[in-house]
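The following note concerns the arrangement of domains and the surroundings of the ligand. Please read it alongside the model.

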Amino acid sequence: MVAPLLEMKDIDKRFGATHALEKVSLDIVPGEVHMLLGENGAGKSTLMKILAGSLRADSGKIYWNGGEIEFNRPQDAFNAGIGMVYQELALIDHLNVMENVLLGNLPRYGNSAFVNWKDAEKKARSVLAEVGLENIDVRRRLGTFNLGIRQLIEIAKTLSRNAKLIILDEPTSALTNSETETLFGIIRGLKEKGVSFIFITHKLDEAFTMGDRVTVFRDGKKIGGTKSMSETLESELITSMVGRPITEFYPKERNALADEIVLSVENFSDGKYFHDVNFTVRAGEVLGVAGLVGSGTTEIAETLYGLYRHKSGKITYMGSAFEPSKPSESLRKGIGLLTKNRKSGLLLHLPIYQNITLSNPVDFVKWKIFRKKREELEKAKYYGSQLRIAAPSYRLKSGILSGGNQQKVVISKLLCAKCKLFIMDDPTRGIDIGAKVEVYKLINELTRSKCAVILISSEMPELIGMSDRIIVARDGTIAANLDVENCTQELIMKHIAGGGKNER
Ligand SMILES: Nc1ncnc2c1ncn2[C@@H]1O[C@H](COP(=O)(O)OP(=O)(O)OP(=O)(O)O)[C@@H](O)[C@H]1O
Ligand SMILES: [Mg+2]
């Protein structure tokens, strides 16, 4: 066997009552893509933060190129050749591309404090070219680029220090399919040059496409040994991750649909991102919405909820005319939105339970003055436990939760709001396979009680598995209305790309 590039031995880490890592070991060989899988809160990001020097382990040892090392700060790991692309990107929006790539590492004139901008530009350009961004304007402010490009810029940054190991923590959770393909191409190219990757994901198909070996974590422990990806079955991985086999991924309940129309949207336009949008959703129905990023789906959802102004169109909600004005008003009327942007849906400094009950302004207040905290806590636990939010106490701040568990809080918050119409924009992004099934069961519960659900998703199997009807958005309008019975991924793709004819 090849000598390992990295060995982490018996790493242990506690956060108060949470034993986040229990004597975990991991080794990485040169030029491999090592998949790190596991449920939300399993400890994946924690182990990677320890490796990247942004967290200290309580005990355990790290060997790099055969020698024992200790990183006290991120810069140490970075200098040694370990680059990390965090789950929540860490670049600085108001700096330009070049400054971000070379952050903390700008070339100077000799020993002086003066930056050699000419060298800086040359160096930035050469690493950006390695990730396919040779034509990017290095002086443009980072905040003006989309997530896909920013992800690639993060990787370029790790390359500026000749990284031998790059950690990617759920790199594709916010990327489009084509951006994902670009990223995969770049990973393959760097791998050829001997760079190793640790790749964290909740998407199993990515593990099989990209992984050479795989390690699974559950509850802070390594489950089984590291395995070669080619000798591993999907069902084995799922059982290791979740602790039980999953046989039904989409437990959709198909009820006879009521005639009652909850929402009807006619000729809805905002004059910018979408135009002439028409659709209806009935009580008890899940209306799936497919479309690429930029097709207008997110803008339609957010405008309906009252986050932005529309220009024209007629909206009828529960039989009466409805003018979206502001989110609090929509919520009061029973329209809830799960935003795509997880961070904006969560107040990280507030306790978990208060985040969950936040959107329900009536149930937890007595005489408009006193908060019924005990009831809030009970209700929060009800939704939280169904989605298995991993937290020692719901009184703790939401900020301590793992990425996927934060998303579960946002979903619980929406469910707690007792709406009639639920608009969900990519609800299962970043959450593990087991919890996805629980989200689907909760959607069943909603439709059983005659609520309507608009499910916007980039995952086609999810749309086909959970919708009653699917509409496809393209170029800011609804391009197709598909019957789910005969719907295939190919058919949706065809309409997304503009090749299909309307099946209505
Ligand atoms: N700063 C912190 N304070 C307290 N607890 C923490 C802190 N950071 C992480 N934890 C806890 O440690 C556990 C592991 O979290 P971690 O972020 O490593 O999970 P993960 O495997 O990356 O999950 P996900 O797939 O959701 O990103 C979780 O229970 C989390 O709540
Ligand atoms: Mg994580």
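1. The centres of domain 1 and domain 2, taken over C-alpha atoms, lie 35 Å apart. Domain 1 covers 6–242, domain 2 covers 250–334 + 419–504, and domain 3 covers 341–418; these bounds come from an automatic or database domain assignment. Eleven residues of domain 1 and eight residues of domain 2 take part in the contact (heavy atoms within 4.5 Å).

2. The model is predicted: local features need pLDDT of at least 70 and side-chain atom pairs count only at pLDDT 80 or more, while totals for chains, interfaces and linings use all residues. Residues are numbered from 1 along each chain as its sequence is written, chains are lettered from A and ligands numbered from 1 in the order in which they are written, and side-chain values use heavy atoms, with hydrogens and water left out.

3. About 840 Å² is buried between domain 1 and domain 2, with 59% of it on carbon and sulfur atoms (accessible area, 1.4 Å probe, that two parts lose on being put together, summed over both). Asn40, Ser173 and His202 account for 42% of the area that domain 1 buries against domain 2, more than any other three residues.

4. Ligand 1 is surrounded by 20 residues, the closest being Gly41, Lys44, Thr46, Ser402 and Gly404 (a heavy atom within 4 Å). A polar side-chain atom of lysine 44 is 2.8 Å from an oxygen atom of ligand 1. For serine 45, a side-chain N or O atom lies 2.8 Å from an oxygen atom of ligand 1. Isoleucine 400 places a polar backbone atom 3.0 Å from an oxygen atom of ligand 1.

Key. A polar contact is a pair of N or O atoms within 3.5 Å; within protein, one must be able to donate a hydrogen and the other to accept it, and residues adjacent in sequence count only if both atoms are side-chain atoms.
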